[in-house]
Amino acid sequence: MIGLTFDNARGHADVVFVDGQLVDDPGLITACLISLYTDKRDPSAPEGEREGWWGTQLDELGGEWGSLLWTLRRALPTEDTRQKAEGYATASLEWLKTDGYVETITAKAVWTKPNPGAADLAIEVYIKRPGDIAPRRLGVWGAFLGAQ
């Protein structure tokens, strides 16, 4: 899989090049980034406002990619918002467990700057692969910046 890296300061992912060549990701970082930051269609929103990634419509099996983290970008920095973010992140990563890539996967949402109008929320991901003794931290990525 082509490797992605996430720039927390800019709030986006990009491909990685070394010596003019695309870098592969033999681990799970790219899979996590795609799962967390692809906008999943919001089934609770009114028709026409569900948004989501257009590519989901191309999935022949009808699968939904991504997470609902995008729905929280304007939410207040409350404990309820943090818990929703944690649930959305965990749900978006569950396929890694279902498909056997990991034994356990845990996403933790943490306010790094919980001020209204400038709140930053980060998602920490911990995985335990088959054969691992204990879970390890895979990465910490910004969920959103400057919540209103």
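A helix here is a DSSP run of H or I with at least four residues, and helices are numbered from the N terminus. With that in hand, let's walk through this structure, which is a predicted model.

Let's begin with the two helices. α1 covers residues 29-37 and α2 covers residues 79-98. Two packed helices are described by the angle between their axes and the distance between the axes. For α1 and α2, the angle is about 140 degrees, and the axes lie 9 Å apart. Angles over 145 degrees would count as roughly antiparallel, so α1 and α2 are oblique to each other instead. Their crossing is right-handed.

Which residues of α1 and α2 meet? From α1 come Ala31, Cys32, Ser35 and Leu36, and their partners in α2 are Ala89, Ser92, Leu93, Trp95 and Leu96. Sorted by class, this contact has 7 nonpolar and 2 polar residues, with no charged residues.

Now turn to the largest pocket, which holds about 320 Å³ of space. Its lining is made of 15 residues, and those nearest the centre are Ser35, Trp65, Gly66, Ser92 and Trp95.

α2 gives the most, with 4 residues. By class, the lining of the largest pocket has 8 nonpolar, 4 polar and 3 charged residues.

Notes: Residues are numbered from 1 along each chain as its sequence is written. This is a predicted model: local features need pLDDT of at least 70, side-chain atom pairs count only at pLDDT 80 or more; totals for chains, interfaces and linings use all residues. Side-chain values use heavy atoms; hydrogens and water are left out. On a 1 Å grid over the protein atoms alone, a cavity is a set of points where a 1.4 Å probe fits but cannot get out, and a pocket is an open set with protein on both sides within 12 Å along at least five of seven lines; lining residues have an atom within 4 Å of a point. Grid points are joined across faces, edges and corners, and a volume is the space filled by probe spheres set on the points. Ala, Val, Leu, Ile, Met, Phe, Trp, Tyr, Cys and Pro count as nonpolar, Asp, Glu, Lys and Arg as charged, and the others, Gly among them, as polar. Axes are lines fitted to C-alpha atoms, for helices over the stretch in contact, and angles run from 0 to 180 degrees between N-to-C directions. Angles under 35 degrees count as roughly parallel, over 145 as roughly antiparallel, 65 to 115 as roughly perpendicular and the rest as oblique. A crossing is left-handed if the near helix is turned anticlockwise from the far one by less than a right angle, and right-handed if clockwise. Contact means heavy atoms within 4.5 Å.
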